[in-house]
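Student: I'd like a close look at one single part of this model. Please take me through the pocket and whatever goes with it, and spell out your cut-offs as you go.

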Amino acid sequence: MTRKIELHEGHPRYLSLLAREKLVTGFKKGLVASEGLIAHGRGECFDYLLGECTTDSARVAINVASAMLLLARYPVISVNGNVTALCVDQICGLNRSLESSAVEINLFYYTREREKLISEEFKKYGLTRIFGIDPENLVPIPELESNRRLVDRDGISKADVVFVPLEDGDRTMALKQMDKQVVTVDLNPLSRTALSSDITIVDNIVRVLPQLIECVEYNRKHSSENDLKDLIESFDNLNGLRRALEVMKTKQVPFQ
Ligand code: PTJ
């Protein structure tokens with residue numbers, strides 16, 4: 001039986017429904033792991049508490065993240081199934097606007113088949129080189145057990161800044177131990193990734209990427225190296241997480 005739902009822009013939760021639809025389509029195409037649907041549901045719950053909008057503290061984190069990515073010698077964007085299904089196009093856009101960056105596939109629920117489909121999806125959107133898919137070129141991250149321990153020797157292994165949206169905690173901590181600077185997007189301000197990253201953007205990846213690209217473009221033109229360094233130095237990640245939790249706690253209920 002074919003299922004059909006009408007998505008129209010006037011629906012109060014149109015963007016949320018659209019994201020769900022992208023995830024489900026990605027799952028049917030083999031890009032998203034079944035567990036990815038569960039992870040998305042968890043994200044939706046936090047997003048609902050945020051009011052499904054970018055908060056002031058997330059806006060600050062996005063701007064500081066753009067500064068860190070612009071100052072990086074070699075920034076690498078790590079992608080998984082969910083990120084691909086939700087925003088392959090914007091990831092390619094971010095990669096183009098950073099100029100010196102690279103994209104690497106890194107899967108938690110690894111299968112060769114899914115890795116191949118994800119890499120083909122990125123090629124459709126114009127990415128010619130993608131890291132993390134050549135087994136000959138993979139090296140282990142020390143002291144990490146999960147599938148994500150293998151990284152590309154010309155990608156994440158060489159990076160000074162790693163952008164890891166929707167990441168698992170162990171790998172974030174392992175990347176920190178390797179002296180990488182880590183920027184993440186995670187709707188859960190209490191996750192280990194959120195707590196151990198240098199910059200955590202507590203917002204939906206779907207809303208973050210267009211704003212991040214805009215900040216990269218703006219700061220490249222209008223901010224000096226010192227301006228960017230000052231932005232990073234004055235940023236307090238834990239304070240950003242506290243502010244996100246505060247917004248969630250004080251969400252106005254429509255009945256009193
Ligand atoms: O494609 P794979 O195999 O690499 O698997 C990807 C998932 C996401 C399934 C895997 O990394 C995983 O299980 O992740 P976790 O540990 O569930 O963490 C995902 C985090 O991302 C959770 O804290 C969610 O709240 C958050 N999250 C989910 N959807 C979004 C989100 N954050 C921002 N934007 C979202 N759309």
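Tutor: Let's start with the space itself: the largest pocket holds about 970 Å³. A pocket here is an open set of points on a 1 Å grid over the protein atoms alone, where a 1.4 Å probe fits and protein lies on both sides within 12 Å along at least five of seven lines. Its volume is the space filled by probe spheres set on those points, with points joined across faces, edges and corners. Lining residues have an atom within 4 Å of a point; there are 44 of them here, and Ala39, His40, Gly43, Asn82 and Leu166 are the closest to the centre.

Before going on, keep in mind that this is a predicted model, so local features need pLDDT of at least 70 and side-chain atom pairs count only at pLDDT 80 or more, while totals for chains, interfaces and linings use all residues. Residues are numbered from 1 along each chain as its sequence is written, and side-chain values use heavy atoms, with hydrogens and water left out.

Helices are DSSP runs of H or I, at least four residues long, numbered from the N terminus. By class, the lining has 17 nonpolar, 13 polar and 14 charged residues. Ala, Val, Leu, Ile, Met, Phe, Trp, Tyr, Cys and Pro count as nonpolar, Asp, Glu, Lys and Arg as charged, and the others, Gly among them, as polar.

Around the ligand are 22 residues (a heavy atom within 4 Å), and the closest are Arg42, Phe108, Tyr109, Arg114 and Asp186. Helix 2 (34-50) and helix 4 (81-98) each supply at least two residues of that shell, with helix 2 giving the most, five. The shell has eight nonpolar, eight polar and six charged residues.

For polar contacts (N or O pairs within 3.5 Å), a polar side-chain atom of Arg114 is 2.5 Å from a ligand oxygen, and a polar backbone atom of Phe108 is 2.7 Å from a ligand oxygen. A backbone N or O atom of Ile205 lies 3.0 Å from a ligand nitrogen. The protein covers 94% of the 740 Å² of accessible area (Shrake-Rupley, 1.4 Å probe) that the ligand has on its own.

Notes. A polar contact is a pair of N or O atoms within 3.5 Å; within protein, one must be able to donate a hydrogen and the other to accept it, and residues adjacent in sequence count only if both atoms are side-chain atoms.
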